[in-house]
Protein chains: 2
Amino acid sequence: MTTTTRSETRPVQDASTSLRLPDIETPAALVDEARMTRNIARMQERMQALGVRLRPHVKTPKCIEVARRQRAAGASGITVSTLKEAEEFFAAGFADVLYAVCIAPQKLDRALALRRRGCALTILVDDAAAARAVDAKGAADGHVFDVMIEIDTDGHRSGVKPDAAALVEIARALQGRGAALKGVLTHAGSSYDLDTPAALARLAEQERAGCVRAAERLRGAGLPCVEVSVGSTPTALSAQSLAGVTEVRAGVYVFFDLVMANVGVCTPHEAALSVLTTVIGHQPDKGWAIVDAGWMAMSRDRGTQRQKVDYGYGAVCDADGNILDGFVLSAANQEHGILARADGAIDPAIAERFPIGTRLRILPNHACATGAQFPCYHAVAPDGTLQIWRRFHGW
Amino acid sequence: MTTTTRSETRPVQDASTSLRLPDIETPAALVDEARMTRNIARMQERMQALGVRLRPHVKTPKCIEVARRQRAAGASGITVSTLKEAEEFFAAGFADVLYAVCIAPQKLDRALALRRRGCALTILVDDAAAARAVDAKGAADGHVFDVMIEIDTDGHRSGVKPDAAALVEIARALQGRGAALKGVLTHAGSSYDLDTPAALARLAEQERAGCVRAAERLRGAGLPCVEVSVGSTPTALSAQSLAGVTEVRAGVYVFFDLVMANVGVCTPHEAALSVLTTVIGHQPDKGWAIVDAGWMAMSRDRGTQRQKVDYGYGAVCDADGNILDGFVLSAANQEHGILARADGAIDPAIAERFPIGTRLRILPNHACATGAQFPCYHAVAPDGTLQIWRRFHGW
């Protein structure tokens with residue numbers, strides 16, 4: 001089931017030797033285990049204090065080893081963004097899986113196969129015709145799908161409005177022989193555009209209240225609605241009350257990143273994911289050092305472009321992860337990153353500061369996008385030893 | 001050596017049955033074989049007419065099947081952007097490999113291992129200290145590396161200027177026991193910022209003249225310089241003369257994309273790579289259809305953002321690949337694409353035009369970035385049958 005490619009096991013190590021940073025080639029995706037452990041504990045403790053279950057979104061790390069640590073800290077089930085994630089995590093022993101993207105009818109066979117193998121997979125719809133298609137498929141195959149309805153509480157993407165007539169119509173379509181309504185779900189993704197605690201707390205309350213309102217409408221119409229699922233990392237860390245909510249979904253908190261630092265829910269010093277890179281050249285008259293982490297390693301995500309602090313393609317740290325203030329990846333080609341001063345000034349000593357062969361870590365804008373560029377993570381333990389953790393790719 | 005993951009073989013097909021578009025799940029990366037064949041022939045014929053060899057850059061497709069077709073059409077050797085590409089292509093029978101990124105000293109062991117296995121790998125430097133490190137490594141290991149010097153002909157990234165004193169210093173450092181100077185190389189990557197034939201032809205001439213000038217300086221100093229390697233897709237397709245050049249490198253021409261269409265070296269109708277996607281929902285009051293190709297499928301590349309035509313995250317086609325003028329992916333989340341009118345107007349009939357379950361193809365901004373999001377391509381033959389072509393991931 002799990003395959004290993006050559007790149008995931010480079011360099012080949014004897015089990016008796018410990019892999020350390022100087023042993024690995026660049027670019028590589030590093031996970032600072034101590035930071036990740038603190039990020040997991042922080043979110044878990046907050047959810048416990050607010051009286052709700054935490055269902056981590058594994059689309060950020062797509063890594064069994066990370067999800068095992070979230071589960072060990074108290075997480076309850078997982079959220080996925082693709083059926084491949086559902087299959088991979090189910091094979092690794094995660095049976096309670098919520099697929100939080102409205103399902104295309106063509107994917108119902110694959111979802112059904114997973115459920116018949118014993119996966120407690122919940123699927124999502126936000127449309128009456130789609131709900132009827134799920135019910136019809138279940139009825140035709142003698143199966144009852146567990147289904148949630150997506151609620152739109154901030155206008156940023158999918159879902160029906162809490163007060164839309166369609167909400168009850170969709171729910172009624174899920175009362176047939178092939179589908180069972182499990183609850184309502186919302187995601188306040190517009191929280192990524194905010195950057196003050198007050199605005200985040202307001203949006204968290206809007207997310208909570210809208211989803212609870214949808215659940216109450218369904219219950220008022222005599223329809224079952226056990227689960228009320230909300231979440232995004234910024235709102236999860238900003239909510240003052242989660243009354244009426246049963247579970248929270250959040251993903252990027254496990255690593256954090258520069259976008260989240262600009263939103264204000266972490267600092268760059270809490271970012272657990274970085275890209276290890278090597279200096280391969282300079283253009284001293286321009287104040288550039290050139291590194292082997294281009295956009296293929298960092299991803300093309302420029303999420304900080306319109307935020308308080310624009311980090312270009314990432315913030316520069318030394319090889320131990322200490323931030324070198326004032327330096328960013330200002331531009332990127334496929335396998336070349338251009339390291340320069342963030343303020344645009346030319347550092348005349350760039351070649352002496354960062355000689356060829358110097359190793360650095362780059363903090364990414366968006367951990368979900370950067371992680372996806374790598375077949376594996378190198379997890380760095382507090383004692384400096386590394387473990388290779390596979391991650392998924394594709395659909 | 002070659003591993004196959006489950007996603008690459010979904011759905012499992014009996015060898016006797018033909019895979020067709022309705023059989024595969026979305027999102028999927030489609031390659032239109034007829035278009036690709038024309039793109040390959042066009043570039044190959046142009047290079048032959050200009051009297052130079054073509055060394056395709058395989059960083060765009062990272063796919064053995066594609067490179068085999070380029071070789072069959074007359075290409076001579078390959079260009080790579082990573083040592084993993086070099087290893088994978090060498091294992092598939094491509095022995096003449098140019099690694100066109102200045103090498104980090106820590107990668108010399110891996111390069112040496114590849115050369116000792118019989119790969120004619122050429123490496124690149126643009127710095128005297130790096131050149132001395134290569135020579136010292138070769139001398140210590142009783143090996144002579146083939147090395148080229150990167151020349152900067154347009155100021156966009158790496159390389160030494162054709163008239164820099166450092167050029168001769170680097171070349172002299174490659175006359176020792178561990179390194180042999182093979183030639184000079186340049187890449188006019190700033191061609192991506194141009195969009196008129198006249199400007200492209202001027203830059204192509206600047207690229208040619210600068211690289212030839214560097215070669216002549218070396219020869220004038222009594223140093224060997226057999227190879228003069230230039231190239232980028234836009235300059236390769238715009239050069240009026242390549243006098244003094246021995247080979248051209250180009251990558252994205254094999255697929256083309258919307259960035260190249262804006263540059264003016266192809267039309268969107270020549271783009272061979274697209275992403276097959278399925279409509280999963282709507283927000284009719286906003287004129288949105290929501291599809292299952294988000295940025296994880298399209299990549300975060302927004303290369304058309306500052307060009308003549310901004311296609312958002314991609315141009316929308318029907319399932320057969322016919323462009324639906326006026327519709328783009330206007331925004332993207334990880335697994336959600338938002339399809340809307342390009343002019344910002346609200347299409348009140350969006351849900352009727354694109355019902356849930358509708359399949360579409362999205363042309364990407366940048367084929368190199370979009371291809372990298374997928375473990376395989378689905379190559380669509382003129383008769384509509386599909387073949388699965390593996391592609392590489394990682395370093």
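Biologist: Between which two elements of chain A does Phe256(A) lie?

Modeller: Helices and strands here are DSSP runs numbered from the N terminus, a helix (H or I) having at least four residues and a strand (E) at least two. With that in mind, Phe256(A) lies in the loop between β10 (247-250) and α10 (258-263) of chain A. Please remember that this is a predicted model, in which local features need pLDDT of at least 70, side-chain atom pairs count only at pLDDT 80 or more, and totals for chains, interfaces and linings use all residues. Residues are numbered from 1 along each chain as its sequence is written, chains are lettered from A and ligands numbered from 1 in the order in which they are written, and side-chain values use heavy atoms, with hydrogens and water left out.

Biologist: What is the phi of Phe256(A), and is Phe256(A) buried or exposed?

Modeller: Although Phe256(A) is not a glycine, its phi is positive, at about 60 degrees. We call a residue buried under 20% relative accessible area, exposed over 50% and partly exposed in between, using a 1.4 Å probe and protein chains only. Phe256(A) has a relative accessible area of 1%, so it is buried.

Biologist: What is the phi of Lys62(A), which is not a glycine?

Modeller: For Lys62(A) phi is positive, at about 45 degrees, and the residue sits in the loop between β3 (53-56) and α3 (64-72) of chain A. Lys62(A) is buried, because its relative accessible area is 2%.

Biologist: With which strands does β5(A) pair?

Modeller: Two strands pair if DSSP finds at least two bridges between them. Strand β4 (residues 78-80) of chain A runs parallel to β5(A) over three bridges, and here Val80(A) stands opposite Tyr99(A). On β6 (residues 120-125) of chain A, four bridges join a parallel partner to β5(A), with Leu124(A) as the bridge partner of Cys102(A).

Biologist: Through which helix does the chain cross from β5(A) to β6(A), and what is the hand of this crossover?

Modeller: A crossover is right-handed if, with the strands pointing away from the viewer, the path from the first strand over the helix to the second runs clockwise. The chain passes from β5(A) through α5 (residues 108-116) of chain A to β6(A), and this β-α-β crossover is right-handed. Another right-handed β-α-β unit is made by β4(A), α4(A) and β5(A). Six of the seven residues of β5(A) are buried, so this strand is largely enclosed by the rest of the structure.

Biologist: Where is Gly294(B) placed, and which residues does Gly294(B) touch?

Modeller: Gly294(B) is in the loop between β12 (288-291) and α11 (295-298) of chain B, and it is buried, with a relative accessible area of 0%. Contact means heavy atoms within 4.5 Å. Leaving aside residues up to four places away in sequence, Gly294(B) touches Ala332(B), Asn333(B), Gln334(B), Glu335(B), His336(B) and Gly337(B). The C-alpha atoms of Gly294(B) and Ile338(B) are separated by 7.9 Å, although these residues are 44 residues apart along the chain.
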